[in-house]
Each structure stands twice: as C-alpha cells, then as structure tokens.
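Student: I want to know what stands behind each term used for this model. Please set the values against the definitions.

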Amino acid sequence: MAVTVKSEREIELMREAGRRLEIVHAEMGEFIRPGVSTMDVNRHGEKIIRKLGCVPNFLNYNGFPAAICVSVNEEVVHGIPHDDHILEEGDIVSLDAGLIYKGYHSDAARTHAVGKISTELQQLIDVTKQSFFEGIKQAKAGNHLFDISAAIDDYVTPYGYGIVQDLVGHGIGTHLHEDPQVPNFRQKRRGIRLVAGMTLAVEPMINLGTWRVKWLEDKWTVVTEDRKPSAHYENTILVTDGDPEILSLTL
Ligand code: MG
C-alpha cells in the first residue's frame with residue numbers, strides 16, 4: 001500500500017476522529033482504579049466510543065475479541081480484557097483504543113497507574129510518554145521518517161530501558177494500519193521523506209527490562225520476555241510544514 005497524503009477534507013475528518021478518541025481516553029482514565037476488571041474498562045470504553053457516534057476499530061480486527069486493548073504490567077500491547085482480571089493497587093495498565101468516525105480512523109494509547117505505584121514505574125510511564133514527544137519533534141515535512149525513530153531511541157536508551165522492536169507505529173487514515181511502518185528504534189537508513197498531509201500513529205512501547213517480547217497462547221497478548229513491566233504511549237499525528245498536529249491530543 002502506498003503512503004497516502006490526506007486532503008484538507010480528510011484531515012478535518014481525522015481531527016474529528018481524534019477529538020472523539022481523546023474523550024474516550026479521558027473518560028477511561030478516570031475509570032481506572034483498584035478493583036475494576038480489565039473487562040469493565042473495555043465495556044466502559046466501548047460504550048463511550050458508541051455514544052460518540054463512532055465504531056471501535058479494534059473489535060474483530062483480525063479476530064481481536066474486544067474494543068479496547070487492556071495490557072497490565074508485563075503485558076506490552078494487545079491485552080485481551082477478562083472479567084476475572086482485576087486491577088490491583090500498584091499495577092500499571094496500558095489502554096490502547098481506536099475508533100472510526102465517518103470512515104476515518106484514529107488510534108491512541110495511554111499507560112495509567114492503578115492507585116499508588118512505585119517511582120520506578122512512574123518513571124517508566126513518564127519516559128515512554130516523553131519519548132513520543134521527542135520523536136514527533138522530527139515529524140515535519142522535509143525530514144525523514146526514521147528521524148522520528150532515532151529521536152525516540154536517543155531519548156529512551158540512556159535510561160537503560162528496552163525498546164520493543166517487534167511492534168511499530170504506522171500510517172493511518174481510511175485504514176487502521178497503513179504504510180509506512182514507524183519503528184521506535186534507530187534505523188540504518190533515514191527512510192522516506194515526510195510530506196505535509198501524512199497521518200501517522202506514533203507509539204513507543206518501552207520495557208523496564210529487556211526489549212524482547214513474546215506472544216501468549218491466546219495469540220494476541222504480547223508480554224515482555226523477562227516479565228518486567230512495559231508502558232505504551234500513542235497518538236495519531238498530522239505532518240505539516242511546521243510542528244506536527246497531534247490529532248488525538250488537543251485539550
Ligand atoms: Mg497503533
């Protein structure tokens with residue numbers, strides 16, 4: 001699939017999709033507390049998505065059985081919600097959510113603390129989030145795609161964290177996953193030249209320990225190989241001639 005450049009009309013629809021997804025994340029964030037199940041979080045998120053007149057794009061995507069990916073502690077991404085998985089004080093939980101508004105997709109992820117967490121885990125969450133912002137400083141027309149990857153890597157690596165390599169960010173638009181792929185670690189080449197109107201989901205997945213991950217037997221849940229915790233932060237962005245516009249983070 002070729003990398004697409006969105007028209008002004010398409011960009012406006014993606015802005016609307018992003019604004020709605022931002023609301024979903026804000027409301028899910030307030031819902032997180034010890035004692036709720038990961039399925040409760042999924043149900044809450046799906047209800048908000050539908051209330052906003054949108055469709056959850058993860059539900060049934062390649063067979064994924066829920067609207068929200070709810071990944072706890074050593075689960076990196078694609079955690080399947082369960083009624084008997086109860087969030088506990090001290091956990092961290094990554095919520096990856098996406099929706100379709102009038103045919104256009106938005107995709108974003110946040111990692112939340114459940115109650116009071118260790119300073120070690122809070123730093124992992126903070127560095128993961130900041131690495132997104134460091135990365136997208138490079139997301140401007142005329143720069144190259146993998147300048148984003150290198151900036152994320154340069155920011156994260158001094159902390160000694162592991163950057164997940166098996167999963168990467170992506171283009172987004174009329175499809176959830178479009179070209180190009182957006183790695184979160186340094187590449188040998190600089191990649192394609194960025195053009196105003198490209199829309200990307202930039203999503204560093206950062207592990208407290210090893211970068212290595214594996215898939216559980218449910219075929220979805222990705223966990224760290226050493227079972228140490230992992231954090232995730234993602235937004236859908238628009239490349240412009242200046243600073244990128246973060247479509248799923250405007251408030
Ligand atoms: Mg994504």
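Tutor: Start with contact: heavy atoms within 4.5 Å. Helices (H or I, at least four residues) and strands (E, at least two) are DSSP runs, numbered from the N terminus. The model is predicted, so local features need pLDDT of at least 70 and side-chain atom pairs pLDDT 80 or more, while totals for chains, interfaces and linings use all residues. Residues are numbered from 1 along each chain as its sequence is written, and side-chain values use heavy atoms, without hydrogens or water.

Student: Which residues of α1 and α2 meet?

Tutor: From α1 come V24, E27, M28 and F31. They meet D40, V41, H44, G45, I48, I49 and K51 of α2.

Student: What makes up that contact by residue class?

Tutor: Six residues are nonpolar, two polar and three charged. Nonpolar covers Ala, Val, Leu, Ile, Met, Phe, Trp, Tyr, Cys and Pro; charged covers Asp, Glu, Lys and Arg; the others, Gly among them, are polar.

Student: Why are α1 and α2 called roughly antiparallel?

Tutor: Axes are lines fitted to C-alpha atoms, for helices over the stretch in contact, and angles run from 0 to 180 degrees between N-to-C directions. Helix α1 (residues 8-31) and helix α2 (residues 38-51) pack at about 150 degrees, with axes 10 Å apart. Under 35 degrees is roughly parallel, over 145 roughly antiparallel, 65 to 115 roughly perpendicular, and the rest oblique. The pair is therefore roughly antiparallel.

Student: What is the handedness of the α1 and α2 crossing?

Tutor: Right-handed. That term applies if the near helix is turned clockwise from the far one by less than a right angle, and left-handed if anticlockwise.

Student: At what angle do α3 and α4 pack?

Tutor: About 145 degrees, with the axes of α3 and helix α4 (residues 145-156) 8 Å apart. The crossing is right-handed. V127, Q130, S131, E134 and G135 of α3 touch I148, A151, I152, Y155 and V156 of α4. This contact has six nonpolar residues, three polar and one charged.

Student: What makes β10 and β13 a pair?

Tutor: Pairing takes at least two DSSP bridges between two strands. Strand β10 (residues 205-207) and β13 have three, in the antiparallel sense.

Student: How do you know which residues coordinate the magnesium ion?

Tutor: Donors are N, O and S atoms within 2.8 Å of the metal (3.2 Å for Na, K and Ca); water is not among the atoms, so sites may look incomplete. D107 (OD), H170 (NE2), E203 (OE) and E234 (OE) coordinate the ion at 2.1 to 2.3 Å. Those distances fall within the magnesium cut-off. The spacing in sequence is D-x62-H-x32-E-x30-E. H170 in strand β7 (residues 169-171) and E234 in the loop between β13 and β14 (235-238) are 64 residues apart, so this pair links distant parts of the chain.

Student: What makes the D179 to P180 bond cis?

Tutor: Its omega is near 0 degrees. P180 sits in strand β8 (residues 178-182).
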